[in-house]
Amino acid sequence: MPIQPRSASSAEEQLSIIDALIALPFPDQEGRSKTQQGWGGPGYHIAVLRESQDFWNAPDPETVTAAEEELEADLSALVAVLAGRWGGPAVVDLRPCLGLHDPDCPGIEEVPEPLDSLCNLAGSMQTWQVPSTGRWFGLTIGQVDRELPFEMLAAVGEASTLPM
């Protein structure tokens with residue numbers, strides 16, 4: 001079954017959402033604040049650009065694979081456009097943010113948002129430092145649980161929160 005767009009049905013719409021997300025002021029209040037495309041909080045925004053079907057009634061593993069591959073192709077196309085703007089992306093491994101890199105997890109520092117949310121959804125993301133903004137921008141594909149849809153996620157955070 002094809003991807004069912006949640007927020008943006010075309011690359012132009014996705015780029016428009018990305019530009020708006022980068023320019024959007026960060027909320028002042030603690031906790032999550034709902035935005036038109038997603039959510040945010042002090043120092044970050046996350047938006048869902050595309051979403052696959054859910055997999056509660058997926059007839060076979062090929063359905064899941066096809067949905068993931070379709071989102072990955074869309075992500076690759078969007079990365080190519082953004083690389084034209086800002087150069088090639090850096091890849092950030094989100095797994096260490098889970099604290100699982102050390103089995104005993106002693107003294108784990110609090111992971112800043114949006115990395116804390118993203119590490120529960122995806123293993124890595126492609127990122128860029130956005131010139132003249134003091135912000136970074138990232139793209140990834142994530143999934144909350146295997147029965148739920150894959151999501152192409154866009155994130156914006158303060159430059160100081162990104163491990164580079």
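**Exercise 1.** Locate the charged end of Arg-85 relative to the ring of Trp-86.

Solution. The charged end of Arg-85 sits over the Trp-86 ring, 5.7 Å from its centre. A charge counts as over a ring if NZ of Lys or CZ of Arg is within 6 Å of the ring centre and within 35 degrees of the ring normal. Arg-135 is placed over the ring of Phe-26, with its charged end 3.7 Å from the centre. Trp-86 also belongs to one aromatic cluster with Trp-128 and Phe-137.

The model is predicted: local features need pLDDT of at least 70, side-chain atom pairs count only at pLDDT 80 or more, and totals for chains, interfaces and linings use all residues. Residues are numbered from 1 along each chain as its sequence is written, and side-chain values use heavy atoms, with hydrogens and water left out.

**Exercise 2.** State how many aromatic pairs the structure holds, and classify the pair Phe-55 and Phe-150.

Solution. Rings of Phe, Tyr and Trp (its six-membered ring) pair if their centres lie within 6.5 Å; planes under 30 degrees apart are stacked, over 60 edge-to-face, and the rest tilted. There are four aromatic pairs. For Phe-55 and Phe-150 the centres are 5.5 Å apart and the planes at 65°, so this pair is edge-to-face. Both residues are buried (under 20% relative accessible area; exposed is over 50%, partly exposed in between; 1.4 Å probe, protein chains only).

**Exercise 3.** Determine whether Glu-12 is buried or exposed.

Solution. The relative accessible area of Glu-12 is 59%, so Glu-12 is exposed.
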